[in-house]
Amino acid sequence: MTLHDASWRAFASDNYAGMLPEVLAALGEANGGHQSSYGEDVYTDALRGVVRDEFGARAEIFPVFNGTAANVVSLTSMMPRWGAAIVAESAHVHNDEGGAPERVSGLKLMTVPVIGGKLTPESIATQAWGWGDVQRAQPSAVSITQATELGTVYTADEIKSICDYAHAHQMTVHIDGARLWNAAAALDMSFGEFTSAVGVDVVSLGGTKAGALGAEAVVILNPELADGMAYLRKMSMQLASKMRFVSAQLLALFSGGAGIAAAAHANSMASRLRSQLEGTPGLSFTHPTDANAVFAVLDPAVAERIRDTWKFYTWNEFTGEVRWMCSFDTAESDVDGFASTIRAELIAG
């Protein structure tokens with residue numbers, strides 16, 4: 001029984017999209033018969049091998065259910081009870097996790113104002129101090145978002161400079177990779193080239209925004225941080241009994257480049273949308289469109305009229321900034337129709 005219009009699409013979030021066809025098919029293929037539970041199945045075992053191929057021979061993967069868990073479990077594994085993670089002021093882990101890192105793990109987040117959503121060694125340095133001071137949480141990790149909350153993408157060199165700085169100050173580096181597939185497609189690089197090869201210690205590997213359903217993972221790149229991860233995942237209520245269905249989805253994203261192709265399409269649709277609106281009076285863009293997000297400012301009244309036809313979110317109510325997201329199933333006709341509606345409403349005033 002279908003309760004929704006399967007032809008309706010929006011520009012609000014890549015979470016609105018359904019499942020990538022390859023992922024949906026993989027679930028059916030993984031069904032039937034019995035497999036050992038709690039990660040002792042053939043799908044999870046195969047996923048371990050694929051992740052080592054993608055991220056490096058020392059990589060270990062721990063599938064979990066959602067991105068919040070991936071981030072909280074990752075950060076918890078990276079620091080002592082008294083530790084703190086330095087993050088961008090705009091980071092999802094700070095603004096959109098409902099306080100989970102602090103409440104569930106007990107760690108401290110130290111925020112830094114940034115430009116374009118990106119941390120730099122110089123901005124990290126503003127919080128990287130106070131070691132040995134019993135009055136201050138101890139800076140122990142740096143967490144960056146790739147692609148960022150503002151739709152920008154760190155280059156491999158930018159990540160390396162952060163890792164070099166962090167490691168020189170005895171801090172580890174985490175990537176919140178909810179949209180890691182979009183970043184890889186934008187960079188035209190393998191995952192390993194901008195993670196393990198440049199010094200990243202732990203990655204939260206997103207699957208949901210790439211077309212999976214409740215399939216995310218913690219990928220440990222630094223073996224020194226793997227001790228106890230199996231226990232930590234269980235304590236965090238993220239150990240799936242029928243893990244084959246989580247692992248099968250992630251396998252499908254890796255198989256035949258399905259995840260990268262889907263992300264590249266979403267990125268190209270965002271570029272198409274931006275190019276169609278460049279130079280439109282009454283609209284200005286606020287950030288580069290590196291991946292699958294377009295950020296712009298337009299009159300709130302105009303935005304409300306556009307929302308009568310197309311759903312999207314206001315990012316900043318004080319400035320009128322809006323966010324338009326493209327997904328793996330965004331069609332060229334969707335982009336063209338949306339852009340036409342925006343132009344018409346701006347002309348109408």
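A: Gly257 is partly exposed, with a relative accessible area of 29% (buried means under 20%, exposed over 50% and partly exposed in between, with a 1.4 Å probe and protein chains only). The model is predicted: local features need pLDDT of at least 70 and side-chain atom pairs pLDDT 80 or more, while totals for chains, interfaces and linings use all residues. Residues are numbered from 1 along each chain as its sequence is written, and side-chain values use heavy atoms, without hydrogens or water.

Gly257 belongs to the loop between helix H10 (244–254) and H11 (helices are DSSP runs of H or I with at least four residues, strands are runs of E with at least two, and both are numbered from the N terminus). Between the C-alpha atoms of Gly257 and Ala84 there are 36 Å in space and 173 residues in sequence.

The structure holds three cavities of 30 Å³ or more, and H11 gives the largest share of the lining of the largest cavity, four residues. On a 1 Å grid over the protein atoms alone, a cavity is a set of points where a 1.4 Å probe fits but cannot get out, a pocket is an open set with protein on both sides within 12 Å along at least five of seven lines, and lining residues have an atom within 4 Å of a point. A volume is the space filled by probe spheres set on the points, which are joined across faces, edges and corners. The largest cavity contains about 60 Å³ of space. Among the residues that line this cavity are Asp14, Asn182, Lys209, Gly259, Ala262 and Cys326. By class, its lining has six nonpolar, four polar and two charged residues (Asp, Glu, Lys and Arg count as charged; Ala, Val, Leu, Ile, Met, Phe, Trp, Tyr, Cys and Pro as nonpolar; the others, Gly among them, as polar).

Cys326, one of the lining residues, is buried with a relative accessible area of 0%. Cys163 likewise is buried, at 0%. A search of the whole structure finds zero disulfides (pairs of cysteine sulfur atoms within 2.5 Å).

The sheets come next. Strands of a sheet pair through backbone hydrogen bonds, in either the parallel or the antiparallel sense.

Strand S4 (residues 138–145) runs parallel to S5 and is joined to it by five bridges, and Ser143 stands opposite His174 in S5. With S6, S5 pairs in the parallel sense over four bridges; there the bridge partner of His174 is Val202. Strand S6 (residues 202–205) is also covered on both faces: Val202 and Ser204 are buried on one side, Val203 and Leu205 on the other.

Val87 lies in S2, stands opposite Thr111 in S3 and is buried, with a relative accessible area of 0%. The C-alpha atoms of Val87 and Leu119 are separated by 7.5 Å, although these residues are 32 apart along the chain.

A further open sheet has four strands in the order S8-S9-S11-S10, with antiparallel pairing. Strand S8 (284–285) and S10 form its edges, each with a single partner strand, so one side of each lacks a neighbour in the sheet. Three bridges join S10 to strand S11 (residues 321–325), and the two run antiparallel; the bridge partner of Thr314 in S11 is Val322.

S10 also reaches the largest pocket, giving the largest share of its lining, three residues. This pocket has a volume of about 380 Å³. Of its 20 lining residues, His92, Asp96, Glu149, Trp315 and Arg323 lie nearest its centre. Helix H4 (92–95) and strand S10 (313–316) are the elements that give two or more residues to the lining. The lining divides into five nonpolar, nine polar and six charged residues.

Conventions. Pairing = 2+ DSSP bridges.
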